[in-house]
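Here are my notes on the model, point by point. Please read them with the coordinates open.

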Amino acid sequence: MRRSAFDDRADDDTEPGRPPLSNATRAAWLRLIRSENVGPVTFRQLVDHFGSAVAALEALPDLARRGGARARIRVASEAEVAEELATARALGAHFVAMGEPDYPVRLAVIEGPPPILAVKGGSGVCRRPAVAIVGARNASLAGRKFAGQMARGLGLAGFVVASGLARGIDAAAHEASLDTGTIAVFAGGLDRLYPPENENLAARIVATGGALVSEMPFGWEPRARDFPRRNRLISGLALGVVVIEAAARSGSLHTARFAAEQGREVFAVPGSPLDPRTEGTNDLIRNGATLVAAPEHVIEALAPILGQAPPPSQVSEGAGDDLDRPTDASDLARRVVLEALGPTPVGVDEILRATGVRTGELQLILMELAIAGRLERHAGGRVSLLP
């Protein structure tokens, strides 16, 4: 049976059963995830299928061609990755891969976790139970004060506070949890702080043993579409999310939605119906979120699950060699799968039932379409075809 690339670790194991990646494997992982059209789900499928990131990198051009790519896709070069690794070292950051001891335990079990994270600061906080606190950027004075009270109370109870380093509620939560542990998740690269006014706060997070975390490359300027992706990580690494002041269309509501999809607890602080900044939080409560008015309410709700370990991450690549792992798919299989796909998201099981293709063939075809930039992935493992 082929040895898993997720298990391709350095020989100088530092922890039994969970040693770090070798330098060569870490570089290959970075090359693969930084290549065009390779997201977390496709990354995992590629390494599962080909047995290693190196083999997957070699296969990318052919996969894209078979998937119908109109142009040659960009595969991250060794020089690009070497430059990113050097940038990380110069900034005092490092990379933590899925399966390594410092990778956030809860994040590892969400659908499509980032295979590798850039971390600056004390990555030990990533091993501790966390609660996310998010809310309005234009928060009221009362909202910022309560965010601080919530963060301090949770910190004293042993929780790390996670947030997005934004203005308002996020900044207040980080500020109040500096002494007990806080994690700030970036939408861009770790060298592209947003907003710039929180540069001093970010430095203090690192200085007090907290961590700055990003799945994006160094040098990546955050765009509007990158913030929902960041919010998904904030909820993913936490046991629950506390929302304080969120307007009806607030990004904080995206974080709450991601939390619900990931099986996390969703808490909301009620507010005046006359304040538009609390319309979103009041709606969350009306739709089933737990109303909280003190840190003790969150602590009490999380107590039953605090000692429960999440299910183990599936990181044994190559374990399916004796299963349905074709090296190619038939033209007929490609044609019927393409006919079954459209702009409306459908589940993989639905495609299997409708087409009759083998599971391995379908996974390979979906991989080809993803690498070619023709497939969009949705929550719940659903997929759709891009025009």
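1. On a 1 Å grid over the protein atoms alone, a pocket is an open set of points with protein on both sides within 12 Å along at least five of seven lines, while a cavity is a set where a 1.4 Å probe fits but cannot get out. Lining residues have an atom within 4 Å of a point. Grid points are joined across faces, edges and corners, and a volume is the space filled by probe spheres set on the points.

2. Ground rules. This is a predicted model, in which local features need pLDDT of at least 70 and side-chain atom pairs count only at pLDDT 80 or more, whereas totals for chains, interfaces and linings use all residues. Residues are numbered from 1 along each chain as its sequence is written, and side-chain values use heavy atoms, with hydrogens and water left out.

3. The second largest pocket. Its space is about 270 Å³. The lining consists of Leu91, Lys120, Phe186, Leu190, Asp191, Leu193, Pro196, Glu199, Ala202, Ala203, Val206 and Leu212. Helix α7 (residues 199-207) gives the most, with four residues. Helices here are DSSP runs of H or I with at least four residues, strands are runs of E with at least two, and numbering starts from the N terminus. By class, nine lining residues are nonpolar, none polar and three charged. The nonpolar class is Ala, Val, Leu, Ile, Met, Phe, Trp, Tyr, Cys and Pro; Asp, Glu, Lys and Arg are charged; the others, Gly among them, are polar.

4. The largest cavity. How many cavities of 30 Å³ or more does the structure hold? There is one. About 60 Å³ of space lies in the largest cavity. Gly164, Leu165, Val185, Phe186, Ala187, Gly188, Arg192, Tyr194, Phe227 and Arg230 line it. The classes are six nonpolar, two polar and two charged. Phe186 is listed in this lining and in that of the second largest pocket.

5. Leu165 has a positive phi of about 60 degrees, although it is not a glycine. Leu165 is in the loop between β4 (160-163) and α6 (169-176). At 1% relative accessibility, Leu165 counts as buried; buried means under 20% relative accessible area, exposed over 50% and partly exposed in between, with a 1.4 Å probe and protein chains only. The C-alpha atoms of Leu165 and Ala187 are separated by 9.7 Å, and the two residues are 22 apart along the chain. Tyr194 is joined to Pro195 by a cis peptide bond, with omega about 0 degrees. Pro195 is found in the loop between β5 (182-185) and α7.

6. Another positive phi. Asn37 has phi near 70 degrees and is not a glycine. Its place is the loop between α1 and α2. Asn37 counts as partly exposed, at 30% relative accessibility.

7. Aromatic pairs. The whole structure has three. Rings of Phe, Tyr and Trp (its six-membered ring) pair if their centres lie within 6.5 Å; planes under 30 degrees apart count as stacked, over 60 as edge-to-face and the rest as tilted. Trp29 and Phe43 have ring centres 5.4 Å apart and planes at 70 degrees, so this pair is edge-to-face. Trp29 lies in helix α1 (residues 23-33) and Phe43 in helix α2 (residues 40-50), so the pair ties together parts 14 residues apart in sequence. Trp29 and Phe43 are buried. Phe95 and Phe218 have centres 5.9 Å apart and planes at 80 degrees, so they too are edge-to-face. This pair links distant parts of the chain: Phe95 is in strand β1 (residues 93-97) and Phe218 in the loop between β6 (211-214) and α8 (226-236), 123 residues apart. Phe95 is buried at 7% relative accessibility, and Phe218 is buried at 14%.

8. Charges over rings. The criterion is NZ of Lys or CZ of Arg within 6 Å of the ring centre and within 35 degrees of the ring normal. The charged end of Arg137 sits over the ring of Phe227, 5.8 Å from its centre. Arg257 lies over the face of Phe258, at 4.8 Å from the ring centre.

9. Strand pairing. Two strands pair if DSSP finds at least two bridges between them. β10 (residues 346-347) and β12 (residues 382-385) run antiparallel, joined by two bridges. Val346 has Val383 as its bridge partner in β12. β11 (residues 375-377) pairs with β12 in the antiparallel sense over three bridges. Glu376 has Ser384 as its partner there. The hairpin of β11 and β12 has four residues between the strands, and Gly380 takes a positive phi near 75 degrees.
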